[in-house]
Amino acid sequence: MVGNMSYGLQKRILIILFLLVPIALLATFALYPAAYLVYLSFMTWDGFSPEKTWAGLANYKEVFESKEVWAAFGHNFVYLGWGLLQNALGLAFALLLNSRLKGRNAYRVMLFMPYIMNGVAVAYMFNYVFNSEYGSFNTLLRGMGLDSLAISWFGSPKAVNHVLGFITLWKFMGLNMVIYLAALQSVPSEIEEAARIDGASRFQAILHVVLPNITKVIELNLFLTIIGTLEIFDLPFILTGGGPLGASDTFLTKTVATAFKFNNFGMASAMSVTLIAAVVVVLSVQRLVTRRWSN
Amino acid sequence: MTAKRFGPVSLIKHAILWAAVAMIVFPPYVLVLNAFKSKEEFSQTSVFKLPDSFLNFDNFVSVMTRAHLDRAYRNTVIIIAVAVIGNVALGTMVAYILGRFDFKLKKAVMGAYIAVSFVPTITTQVATFTVVHNLHLYNTLWASIVLHLGTNVLQIFIYLQFLSNIPKELDEAAMMEGASLFRIYRTIIFPLLAPATATIVIIKTIDIYNDMFIPYLYMPAQKLTVVSTSLMNFSSERSTEWELMSAAILMIMVPIVALYLFFQKYVFAGIVNGAVK
Amino acid sequence: MKKNVAAGLVMTIGVGLLAGCGGSNDDSNASPSASAPAETGASAGASAGSDGGASGSSDIKGTITWATHRTELAETDLKKYVEAFEAKYPGTEVKIEGLKDYEQTIRVRMAANELPDVLSLVETTQSDLPKFYEPLDDLGLNDKIYFKDYNSYEGKLYGITQQVAINGLLYNKKAFEKAGIAEPPKTLDELFADAEKLKAAGIVPMATAFKDAWTLQYWTDPAEFIYGSTSLRNDKIKTDTPFTVDGPYGQGLGILKQLYDKGYLEKDVFSATWDQTQKDLASGKAAMMYIGNWAISNLVSNGLPLDDIGFVPLPYDNSGTYKGMMRNDWAYAVSSTSKNKPLAKAFIKFMLEESGDYADHMIISPLKDQQQSLKQITDFMAYKPEMLEARSISEDVKAVENKMQFDPFKFIQEVTVGKMQDVFDGYNKKWKSTKTALGK
């Protein structure tokens, strides 16, 4: 019966059928809550009582006037820096492990391992690595005679975000690597080999032949990294609780505290909307840069 | 082009990789040490000290019973099986539509998926919870399944990237033979997306497996405990029983690692090259 | 996951109402179910005291859900209590939900009107209490419990604290011995002198678990001792400059600050966690901590024999007279939407009167007639300290604090490591401008 339908009709039916459930899910569990967030950002609400009152732009005004919120957002950019490094490493390891190398499967498994681990486990383990007195990292530094470098990693306002950024890199590099690897697999090896035959070095072949074939995936990884770092929450929340003295607060830990600790859901919603806007701005910059690069 | 086994380049490569592996292995090593310590031993000795005995399985036994790991695994497996299968079906469908056809709202659909990925879910939980509650999914396994079912930007992108490498001529040849579009999806597109699917199954499974937030908020009933939330049996708001936690973390890590080892063959087997050529 | 320890505890203390509102046991307000027949002999054994008429055993059937913040006990001790309850009332079932980010989770469920039958009460505004919770006056415990005014509104009781905590100076006797200290300090000067001896012996004199921050909250007790009342926080509303160096806050928090300045706290305070602190106190690497009596069981479970644990009032001055602080904890409450209130109430009553929770965990029961005979508690009381009771935070003060995003634990941290005058100036400025903006 299907066979008798014209492809035009089939196409229309298929588009509707195939998109129906996914779009319904998207609308119910993502679009509606997002729209509700925007609505709440214009209200005064403590988060539980039945009454909400109209606040207009007051919540947004409060967000933009709060120095602490923007100071916290500054910390997110430390994560972003580590995130970019994480991408570079992910790509480098993907290229390394896409070549013929003895034991590459074992390496792939190992490098991806941190991503498999439960977030709680990761936080717990690094607590012992970076503890100032008996942590393994400082023990190592002292062993190498670098006592002056053995500082309080979670206690120093300057170091703490870098430590957390490093842990993020440790955990997520493998994911980037796997995505890059999957993309590299889809680049036919003949392309690279052809370039090599034409006299290009391995490095040149990668730069001019392989990478241009996976720009979309590079963009995807950057996209994930930017969202992930600008919206980082779990790690500082679990490991430092924003300390010492707010030095590792991020935009989102502030937002959650505003909502649940200080019962100000209106302002917290306005903060979320502001954060989304900021993410869009950063992503646009990233697109501009990658576009220019790929041309 | 065979790899030179002990050439200087490959030595450097191995050295770099070994360094990376060492950095990765060290923290879990601490976990292994402490999983075998008794409460008192853990409390009185350094975390880096070897346990008195690696045959002390007491922690593992008490984790098993206290966290009801059997029940937790069962729930987790059900959620993952249903959610991942549904997710892959929906993901490939969306990718097929977006990758192969042009239609009016295509940009809007794509845009919607991108837009929601900007929204930090932790800040929308009040609204999402109300939706789940009103749909009577609260405190059922369906809450977790439904929330993980939908596809997302990452999957759509990976699929589209693969799809663009599957020549359109394959579709056209099938159409010449009179195959319906659904048949093309089922017999050509879906199988050829297999390596991408393997990647997505791994990532999705890990995400669901490690997700604490959704099961914790949406299915607090004890009989619905999943593997990740079973860890909460070992810590309170104030403190944590780390020797038990270490054992529990190891126990829940083993199956997922095994699963990854099994699947990674398919991801990296390079099926795509063979199939498309 | 280590989450909102802070928020959680703020709420514990913060839940509440204007002092003086609650407390009157007006019988005319008794709930309709109070007319149910008193419990018959059907319920075997231990039932302490009258049943208050709320719960004829015939009503007590069916299933309820109990959400608790005590996750680590959910599968062990709490389950044991539930089983005992179910054995006493056949045909009942209590489903435990151990929730970690307790406060936040319950908040989200509150917004969707989906509360468990029995829960640990989380903060609402005072007038919202009846919207979410069921009055508990008909349990007949009003005259028998501590902190009955804390979760009350218009004379009705909505929550009963699950334990009473006495704050004191917890110390490891072995560590004192090692440093050549025979007796716990009786004056503030002695406290500092002992700290010096401990430091010289290579022992951390005063543990704080500084990084976790919630453990610092008890250090405002000296400020309240000096002020002479627990209204200190609420009385802030009367002034534009609540924080002054020579006032109660400056003097009270000054004790902690001096300990820090002289190097008597942990070497790296921002690495010091409660998990590690328990181990260190038990092993004698650290000697003292100012904390609630409930921590005694933590030291025991970390391997320190009960006899080696000392617990005395904190000497906050050199007068030789003492004060002690009693604080409430999370409170049992019944959801107003519960479909099985008789069972829910019977369960709370059971937990308070019969479960043996307080004895098992070496804590102090909220029921006045259940005396904790633990030696550490009787030793503490032998100092004849004047006991102060924690007070709920007034609506006005809470409103200003929330608006200015006042985090009391971070405040104590800042005062301790910073320059007190500057920190106070900053907070006073914020306090004044927020208070003015809200018109309080």
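**Fold of chain B and selected local features**

In the predicted model, chain B contains 15 helices and 0 strands, where helices (H or I, at least four residues) and strands (E, at least two) are DSSP runs numbered from the N terminus. Chain B is more spread out than a compact globule, because its radius of gyration is 23 Å, well over the 19 Å that the globule rule gives for 277 residues; the radius is taken over C-alpha atoms, and the rule is 2.2 Å times the number of residues to the power 0.38. Along the principal axes, the C-alpha atoms of chain B fill a box of roughly 75 × 65 × 30 Å. Of the 277 residues in chain B, 60% are buried (under 20% relative accessible area, with exposed meaning over 50% and partly exposed in between, for a 1.4 Å probe and protein chains only). Among the contacts in chain B with a separation of 6 or more, 71% are between residues 24 or more positions apart, a contact being heavy atoms within 4.5 Å.

Residues are numbered from 1 along each chain as its sequence is written, and chains are lettered from A in the order in which they are written. Because the model is predicted, local features need pLDDT of at least 70 and side-chain atom pairs count only at pLDDT 80 or more, while totals for chains, interfaces and linings use all residues, and side-chain values use heavy atoms, without hydrogens and water.

Over all chains, the structure holds 67 aromatic pairs, for which rings of Phe, Tyr and Trp (its six-membered ring) must have centres within 6.5 Å, planes under 30 degrees apart counting as stacked, over 60 as edge-to-face and the rest as tilted. One of the pairs is edge-to-face and joins F18(A) to F182(B), at 6.1 Å centre to centre and 80° between the planes. This pair crosses between chains, from helix α1 (residues 7-40) of chain A to helix α10 (residues 181-192) of chain B. F18(A) counts as buried at 5% relative accessibility, whereas F182(B), at 42%, counts as partly exposed.

Most residues other than glycine have a negative phi, and most peptide bonds are trans. In chain A, however, a cis peptide bond joins G243(A) and P244(A), with omega about -5°, and P244(A) is placed in the loop between α11 (234-239) and α12 (251-261). In chain C, E154(C) has a positive phi near 50°; E154(C) lies in the loop between β4 (152-153) and β5 (156-157) and counts as exposed at 59% relative accessibility. M362(C) likewise has a positive phi, near 55°, in the loop between α13 (357-360) and α14 (375-382), but M362(C) is buried, with a relative accessible area of 17%.
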